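I open the notebook with the model on screen. The entries below record what I looked up.

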Protein chains: 2
Amino acid sequence: VDALAVPSPVHVDLGGGVTSPRGFRAAGVACGIKRRPATATSAPLDLALIVTEAPVAAAAVFTTNRAVAAPVVVSREHLQRSGGRARAVVINSGCANAATGAAGMRVAHEMAAAVAEALGCAADQVLVASTGVIGVQLDIAKIRTGVGLAVRDLDARGSDAATRAIMTTDPFPKSCASSSRSIVVGGMAKGSGMIEPRMATMLGVLTTDAEVSAPVLAGALRRVADETFNAITVDGECSTNDCVFAMASGTSGVQITHDDDPALIEPMRDVAGHLAREIVRGGEGATRLVTVRISGAASHADAWLAARTVANSPLVKTAIHGGDPNWGRLVAAAGRSGAEFVLDRASVSIGTVPLFVAGVPHDERADDAARVLQAKEVVVTIDLGTGGSHSATMWTCDFSAEYVRINAEYRT
Amino acid sequence: VDALAVPSPVHVDLGGGVTSPRGFRAAGVACGIKRRPATATSAPLDLALIVTEAPVAAAAVFTTNRAVAAPVVVSREHLQRSGGRARAVVINSGCANAATGAAGMRVAHEMAAAVAEALGCAADQVLVASTGVIGVQLDIAKIRTGVGLAVRDLDARGSDAATRAIMTTDPFPKSCASSSRSIVVGGMAKGSGMIEPRMATMLGVLTTDAEVSAPVLAGALRRVADETFNAITVDGECSTNDCVFAMASGTSGVQITHDDDPALIEPMRDVAGHLAREIVRGGEGATRLVTVRISGAASHADAWLAARTVANSPLVKTAIHGGDPNWGRLVAAAGRSGAEFVLDRASVSIGTVPLFVAGVPHDERADDAARVLQAKEVVVTIDLGTGGSHSATMWTCDFSAEYVRINAEYRT
C-alpha cells in the first residue's frame with residue numbers, strides 16, 4: 001500500500017462552488033454557440049455569468065502564451081482600467097474567439113458591454129473569457145441573447161449551471177468550496193477535455209467573501225495559482241485563452257491585509273488545488289493521476305524545471321500508463337531537464353518503493369513498484385542528488401493511445 | 001502538389017557508409033548481449049568496431065543529459081587525454097551501461113582497454129559507446145569475446161555489419177556516404193527505435209578521408225551536428241547515451257584548415273542530415289516526416305525555441321497524424337514557446353498552402369492543406385510575425401497511438 005497519498009479533499013466541500021461565499025449569484029444558459037449533439041434532448045449550456053451586487057475586488061492570472069485570445073486582452077485591460085474592481089465574469093464555451101483579429105476584439109468588447117448594460121455598471125467592471133474552437137468568429141448576437149437569459153436566471157444557487165456552461169468535452173464538472181475561520185472560498189474550473197479543434201483551455205473562477213483589496217487578492221491568487229493551476233500539466237500545452245479569475249465580495253466582514261494570510265490562502269489553496277487535480281484527472285485519455293515530487297534540488301527554479309520535464313515526458317507518461325516501474329526513464333527525464341543533477345547520489349521511488357537509491361538500482365523491488373502503479377493515483381519521487389533543499393510538486397496524468405485518438409481526429 | 005520538399009538525398013550515396021572513405025575498416029559481430037529473438041535463426045549483431053591503421057584526428061558531440069552513461073564519461077576523458085587522437089570506435093547494443101555506478105565505469109574502461117590491447121594502441125585512443133537497457137550491468141566477458149571476433153572480421157567493406165550491430169529496434173539500418181571535391185564522408189547512425197526499456201539513444205559515427213586537425217574536425221562536427229542531429233526530435237527526449245563521433249583518416253591528402261570549409265562541411269552535412277532525417281522517419285510509431293520551418297524570428301535563439309516547441313507539441317503531432325490542417329495548434333505552439341510572437345502579423349502554411357496570413361485565417365484552403373497532409377513528407381512553415389530575419393528548420397515525426405503502445409508495454 002502506498003502511504004504517499006495525493007492531498008485528500010478533506011477540507012473541500014464537493015457540493016460547493018462559486019456561489020458558496022455570500023454575495024455571489026450565478027447562471028448558466030444555452031445560447032446556441034455550441035452545436036447541439038444529435039442525441040441531445042436539450043441545447044448544451046454555453047454561457048456562464050457570475051455577478052456581485054456591487055463592484056468588488058478582482059484579480060486574474062492569464063496564459064503566458066504570446067498568441068493571446070481577444071477576451072484575454074480585454075479582461076487584462078479592464079482590470080487595469082478599473083483598478084481591480086469588477087461586478088461580473090462572463091464566459092462562453094464553444095468558441096475561443098482566438099486568432100480572430102480586429103473583429104474578434106470588437107466582439108470581446110461588446111460581450112463585456114452587453115453584461116455591463118444589463119447590470120448597470122461600467123464595461124471595465126466586466127471580465128470576459130472564451131473557450132472552444134480557435135480561428136472562428138464569435139457570434140455577438142448569440143452572446144447578447146445568452147447574456148439576457150443569464151441575467152434573468154441569476155441565482156445564489158446558480159453555481160452548478162455556471163460550472164456546466166463552461167465545460168467543453170470535460171468528462172465531468174469541476175466545482176467545490178472550502179472555508180477557514182469565517183472566510184468561504186468557492187471555485188469552478190474547466191480543463192483540458194477540449195472541443196474541436198481541441199485547443200486545451202484551462203479556465204477557473206474563484207470567489208470569496210473575504211474583505212480584501214485588489215492588490216492583496218492579486219498577490220494571494222498568484223501565490224495559490226503557482227502551487228495549483230500552474231503545477232499541473234496534461235501535455236505541456238498552454239492555450240491562447242487560459243485564465244483564472246478571483247473576486248472577493250467582502251460579505252464576511254473578515255479583513256485580509258496580507259497576501260500570505262492563511263485565513264484566505266488556505267481555503268483558496270484547497271479549492272484551487274482540488275480543481276487543478278480534477279483537471280488532470282479529466283485530461284484527455286487520462287487513466288491515472290500522477291504526483292511528481294522533486295527533492296534535493298539546488299534551487300527553486302531547478303526543482304520546478306525537473307518537475308515540469310518529468311511531468312511532461314512522453315516516455316515517463318507512457319510507462320506509467322503501461323504500469324511499468326521504469327525508473328530509468330525518470331532518471332533520464334530529470335537528467336535532461338537542465339536542472340543540476342548528480343547521478344551517483346540521485347534516488348527514485350514509486351509510491352514508497354525505492355527503485356534507485358543514491359545511484360544504486362534496486363530492481364528487486366520492481367514487482368512491488370508495479371503493484372503501486374495499478375492504483376488510480378500514483379506518486380513518483382525523485383531526489384536530484386545535489387544535496388540542495390529545494391523541492392517542487394506537480395500533477396500530471398498518464399499518456400494513453402486514447403489521447404492520440406482524440407487529438408488525431410479530423411475536425412470536421 | 002507540395003513544392004516545398006524535404007532535402008533530397010541527391011548528394012548522398014545510399015550504398016555507402018563508414019568504410020566509404022579510405023583508411024577505415026569496420027566489423028559487426030554477435031557476442032550475446034542482445035537476447036536472441038525466439039524466431040531468429042542466428043544471434044543478433046550487437047558489437048560494432050571501426051578502426052583506422054594509425055591514430056587519426058577524432059572528435060565527438062555528447063548528450064546534454066546530466067545523467068550520463070559510463071561510456072560517455074570514458075569517451076569524453078579519452079578525447080581529452082589523447083588530444084583528439086583515436087584509432088577505434090567500439091559500440092555495443094543491448095545494454096546502455098547507464099546508471100550502473102562504479103562497476104559500470106570499470107566496464108566501460110575495460111571495453112576500451114580490450115580494443116586497445118587487440119589493436120596495440122593506447123586505451124585513450126579508443127572511443128566507446130553503448131545503447132540499450134538502462135540500469136543493467138554490461139557483461140565485460142561478452143564484450144571481450146565480441147572485440148576478439150570483431151578485430152578478426154575487420155574489413156574495408158564492413159560498414160553494413162557495423163551499422164546493423166548498433167541497431168536496437170530501429171526499423172531499418174541507417175548509413176550513407178557523400179563526397180565533395182576529393183573528400184569522402186561516410187556515416188552510420190542508430191535512432192529512437194529503442195529497446196527495452198526503450199530509452200531513446202541516438203548514436204552516430206562519421207568518417208572522412210580529409211586531412212584535418214582534431215580541433216578543426218571538432219569545430220566542423222559541432223557546426224554540422226547543430227543543423228542535423230540537433231535539429232531532429234521524435235518526442236523531445238534526450239538520452240543518457242547520445243553521442244556522435246567523427247574520425248578523419250587523412251588518406252585523401254586534401255588538407256582542411258578551417259572548420260567552415262565547404263569541401264568538408266558540405267559532404268558532412270549531407271551525410272549527417274540524411275542520417276538525422278532517417279532517424280526521424282524510423283521514430284517509434286512514425287508515419288510522416290515533418291519539416292518545421294520557422295521564419296520571421298527576432299533572434300537565432302527565438303527561431304530555435306519556436307521550432308523545438310512546435311516540433312515537440314503533442315497537439316501539433318497528433319493533428320498531423322490525423323491529417324488535420326489545424327493551423328490553430330501551430331499558432332498556439334509557437335505562441336507558448338517563449339519566442340517573440342506577433343499574432344496579428346504571424347502566418348502559417350502547410351506545404352505551400354497558406355492557412356493563416358498576417359493574422360487572418362484562410363480556412364477556405366483547409367481542404368487543400370488536408371490533401372498536402374496525406375503525403376509521407378510534410379513541411380509546415382510558421383512566420384512569427386516579428387519582422388525579424390532569423391529562421392530555423394527542424395525535423396520531427398507525427399505522433400501515433402503506436403508510439404504509446406510501444407512505450408507503454410511492460411518491460412518484462
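Predicted model: local features only at pLDDT ≥ 70, side-chain atom pairs only at ≥ 80, totals over all residues.

Entry 1, a residue at the interface. I looked up A:Thr318 and found it buried, at 0% relative accessibility; buried means under 20% relative accessible area, exposed over 50% and partly exposed in between, with a 1.4 Å probe and protein chains only. A:Thr318 sits in helix α8 of chain A; helices are DSSP runs of H or I with at least four residues, strands are runs of E with at least two, and both are numbered from the N terminus. I listed its contacts (heavy atoms within 4.5 Å). Leaving out residues up to four places away in sequence, A:Thr318 touches A:Arg329 and A:Phe399 in chain A, and B:Tyr403, B:Val404, B:Asn407 and B:Ala408 in chain B. The side chain of A:Thr318 also reaches the backbone oxygen of A:Pro314 at 2.8 Å.

Residues are numbered from 1 along each chain as its sequence is written, chains are lettered from A and ligands numbered from 1 in the order in which they are written, and side-chain values use heavy atoms, without hydrogens and water.

I found 58 residues of chain A in contact with 58 residues of chain B. The buried area is about 4,500 Å², with 58% from carbon and sulfur atoms; this is the accessible area (1.4 Å probe) that the two parts lose on being put together, summed over both. I found zero salt bridges between the chains, taking a salt bridge as a side-chain nitrogen of Lys or Arg within 4 Å of a carboxyl oxygen of Asp or Glu. On the side of chain A that touches chain B, the elements giving two or more residues are α8 (314-321), α9 (327-336), α10 (366-372) and α11 (401-408). Of these, α9(A) gives the most, with seven residues.

B:Gly83 follows the helix, with a positive phi near 65 degrees.

Technical notes: Polar contact = N/O pair within 3.5 Å; in protein donor to acceptor, adjacent residues only side chain to side chain.
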